[in-house]
Amino acid sequence: MKSYTADYVIVGAGTAGCVLANRLTEDPTVKVILVEAGERDRHPFIHVPAGFVRLLDHPTVTWRYRTEADAGTSGRAILFPRGRGLGGSSAINGLLYVRPFAEDIDSWERAGANGWNFDNCLPFYSRSETWTEGSSPQRGTHGPIQVSRVKNPPEICSAVVQAAQKAGLDFVDDPNSDTRGPSIWFYQQTRDGRRRSSAARGYLRPAMARPNLTVVTGLQVSGLEMNGTHVSGINGTTAANIPVQIRATREVILSAGVIGTPRLLEMSGIGDKAVLDNAGVKTRIALPGVGNNLQDHYVVRLGYRVRGAGTANERAHGLALAREMMRYVVSGTGVLTYSAALVGGFAQTRLATRPDVQFVIAPGSFAEGRIGVLESEPGVSCGVWQMRPESRGHVHITSSEITAAPTIAPSYLSSELDRNTMVEGLKIGRRIFAQPEVARYIVDETVPGRQADTDEALLQYVRDNGSTVYHAVGTCRMGEDEMSVVDSEMRVRGTTGLRIVDGSVMPSITSTNTNATVLMLAERAADMIRSPMAAHASSTYSKETV
Ligand SMILES: Cc1cc2nc3c(=O)[nH]c(=O)nc-3n(C[C@H](O)[C@H](O)[C@H](O)COP(=O)(O)OP(=O)(O)OC[C@H]3O[C@@H](n4cnc5c(N)ncnc54)[C@H](O)[C@@H]3O)c2cc1C
């Protein structure tokens with residue numbers, strides 16, 4: 001067995017883990033070991049922005065999770081990607097940088113997460129980014145993550161923006177600082193020139209030069225080392241099946257993500273007793289909230305066949321693709337710099353008093369509206385997702401074996417409000433695409449198709465074809481009540497020496513895409529962890545093999 005010791009052991013080199021590894025090692029007297037189950041971020045499709053669609057079910061850079069088959073989604077088991085490797089999900093995500101609504105974070109404080117309101121958090125959003133378009137009081141200019149505008153969006157995107165304005169949405173130049181009413185805008189991307197600006201690239205790579213940071217890849221953590229209720233380290237196994245133990249003299253920090261973190265707690269006997277009994281794991285600390293409160297955004301797409309306007313479809317095949325590749329290499333522009341979508345919108349259905357649907361509009365379309373391989377004829381798509389779904393699910397282990405996949409049950413569409421909001425959102429999307437500014441390019445609606453002209457037919461389409469938009473959070477909820485898993489400083493209840501810093505601690509899902517908020521959480525956590533650190537800095541690092 002190999003064994004190591006450091007002040008802090010961070011499990012998971014995803015969005016949050018990379019931020020922490022960087023910020024904690026700014027103090028040269030503090031030794032950190034960052035452990036990651038996956039490998040280094042060498043795959044070229046990680047770095048080329050448009051490459052993300054080819055990685056969603058990749059055998060080495062994702063965990064290849066699937067949800068449970070659920071009657072609410074027509075009995076389908078839905079692909080549920082999570083990144084694996086340096087950068088975690090930030091290395092495979094759709095690059096869309098969208099901050100939450102202030103109200104989202106304010107609601108965390110009202111739900112019991114002390115001090116978690118938007119005003120307190122705003123400086124940490126800014127600290128994580130460099131907004132490449134200049135300064136604004138709300139935006140950061142010196143942070144590790146580069147945030148850029150989409151370069152030269154195709155004409156069809158401008159047509160959609162005009163059509164949306166005609167349909168009642170206001171054009172907003174910077175959706176990350178302007179007021180968030182019903183609006184239409186161009187997405188901003190976590191892109192640094194021609195390359196993805198992942199947490200690994202922005203935060204980890206510069207920190208890896210520091211002698212007080214050790215990054216261990218290919219090591220899957222299987223459990224926590226505990227003395228009573230104190231967590232003193234982690235156990236894991238390398239790809240070559242070598243057991244490894246790492247001791248933390250100060251804290252173990254779990255940043256293994258919305259699935260990985262509750263999974264590790266449960267594997268270690270921390271969780272709901274009934275769940276642990278079922279999996280054959282002895283309960284060490286009863287924490288009934290572990291793995292519950294799983295929330296996600298669920299998306300379906302309207303698809304349109306287009307004539308008279310260029311789209312990504314025809315540029316992503318054959319000779320045209322070769323030209324795009326050349327363009328990317330020479331000028332860093334073109335289809336290969338596109339993110340999951342180029343135009344976004346916030347719409348308000350008749351069921352809400354503030355925006356409740358986000359549109360993700362791309363100058364490209366997929367068969368059956370499901371993200372994957374682009375169709376070859378010109379097309380556009382408009383993804384529709386409810387911003388604050390009520391449906392809640394869970395993730396739990398079913399076995400004490402680390403190789404056994406957990407049960408992921410998001411319970412999409414289990415709330416009537418969620419079902420109705422999706423249907424209303426599709427109708428607003430159709431209204432936008434019926435405006436003359438964009439309708440003049442449209443040959444036909446390919447999915448769901450004009451025959452789907454009743455609420456029932458639209459809901460059936462939602463059930464049959466929807467999927468995750470990859471924003472799962474909340475499975476180790478922060479708060480001060482019995483069902484919360486961590487307190488307002490992200491310390492795991494009933495333990496000492498253990499913290500969770502990742503998307504799993506969000507008390508409720510943000511109205512928008514989640515990566516910006518995970519970056520913020522980790523930046524703020526770093527300050528919470530560091531402030532007592534200055535007083536107790538020690539050099540406890542040792543490396544030995546036994
Ligand atoms: C396909 C996809 C597209 C997305 N698109 C967007 C987008 O466009 N915009 C946006 O804002 N958000 C997007 N998101 C969401 C966003 O990327 C995530 O919310 C965010 O990255 C989560 O960060 P995290 O630190 O909580 O977890 P992750 O980044 O998932 O990191 C967890 C890390 O822990 C590691 N790990 C897990 N278990 C273990 C273990 N037992 N031992 C060792 N290591 C372990 C994992 O391999 C992983 O590297 C997307 C996500 C995905 C998956």
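## Terms and model

Two strands pair if DSSP finds at least two bridges between them. Helices (H or I, at least four residues) and strands (E, at least two) are DSSP runs, numbered from the N terminus. This is a predicted model, in which local features need pLDDT of at least 70 and side-chain atom pairs count only at pLDDT 80 or more, while totals for chains, interfaces and linings use all residues. Residues are numbered from 1 along each chain as its sequence is written.

## Strand β1 and its partners

In β2, the bridge partner of Val11 is Val35. Val11 also stands opposite Leu254 in β14. The pairing of β1 with strand β2 (residues 32-35) is parallel and has four bridges. Strand β14 (residues 243-254) runs parallel to β1 as well, and nine bridges join β14 to β1.

How many of the ten residues of strand β1 are buried? A residue is buried if 20 or more other C-beta atoms lie within 10 Å of its own, exposed if 12 or fewer, and partly exposed in between, with C-beta atoms placed from the backbone. Seven of the ten residues of β1 (residues 2-11) are buried, so the strand is largely enclosed by the rest of the structure.

## Two domains

The protein chain is divided into domain 1 (1-144 + 194-292 + 472-546) and domain 2 (151-186 + 298-388 + 413-465); these bounds come from an automatic or database domain assignment. Between the C-alpha centres of domain 1 and domain 2 the distance is 31 Å.

Two residues are in contact if their C-beta atoms, placed from the backbone, lie within 7 Å. On this basis, 22 residues of domain 1 are in contact with 23 residues of domain 2. The side of domain 1 that touches domain 2 consists of eleven nonpolar, eight polar and three charged residues. Here Ala, Val, Leu, Ile, Met, Phe, Trp, Tyr, Cys and Pro count as nonpolar, Asp, Glu, Lys and Arg as charged, and the others, Gly among them, as polar.

## The largest nonpolar core

A nonpolar core is a set of buried Ala, Val, Leu, Ile, Met, Phe, Trp, Tyr and Cys residues joined through C-beta atoms within 7 Å. The largest one holds 159 residues, of which Val9, Leu20 and Val160 touch the most other members. Helix α14 (residues 515-536) supplies the largest share of this core, with nine residues. Both domain 1 and domain 2 contribute at least three residues each to this core. In soluble globular proteins, nonpolar side chains tend to be buried together.

Apart from its neighbours within four places in sequence, Val9 is in contact with Ile33, Val35, Gly233, Ile234, Ile246, Ala248 and Val252.

## A four-stranded sheet

An open sheet of four strands has mixed pairing and the order β3-β8-β5-β4. Strands β3 (96-97) and β4 (129-131) stand at the edges with a single partner strand each, so one side of each has no neighbour in the sheet. Inside this order, strand β5 (residues 145-149) and strand β8 (residues 188-189) are antiparallel and share two bridges. Ser148 has Gln189 in β8 as its bridge partner.

UniProt lists residues 83-106 as "domain: Glucose-methanol-choline oxidoreductase N-terminal" in an unreviewed entry. The span 83-106 is 21% helix and 8% strand, and its end C-alpha atoms lie 29 Å apart.

## Backbone exceptions

Most residues other than glycine have a negative phi, and most peptide bonds are trans. Arg64, which is not a glycine, has a positive phi of about 55°. Arg64 lies in the loop between α2 (44-47) and β3, and is partly exposed, with 16 other C-beta atoms within 10 Å. Ser411 likewise is not a glycine and has a positive phi of about 55°. Its place is in the loop between β22 (407-409) and α11 (416-433). Is Ser411 buried or exposed? Ser411 is buried, with 20 other C-beta atoms within 10 Å.

The peptide bond from Val447 to Pro448 is cis, with omega near -5°. Pro448 belongs to the loop between β23 (442-447) and α13 (455-465).

## Two further residues

Ser136 is in the loop between β4 and β5 and is partly exposed, with 14 other C-beta atoms within 10 Å. Leaving aside neighbours within four places in sequence, Ser136 is in contact with Asp174 and Ser177. Ser136 and Ser177 are 41 residues apart in sequence, and their C-alpha atoms are 8.1 Å apart.

Thr468 is in strand β24 (residues 467-468) and counts as buried, with 21 C-beta neighbours inside 10 Å. Beyond its neighbours within four places in sequence, Thr468 is in contact with Ile78, Phe80, Asp296 and Tyr298.

Terms used: UniProt positions renumbered as here; feature names shortened; annotations may be inferred.
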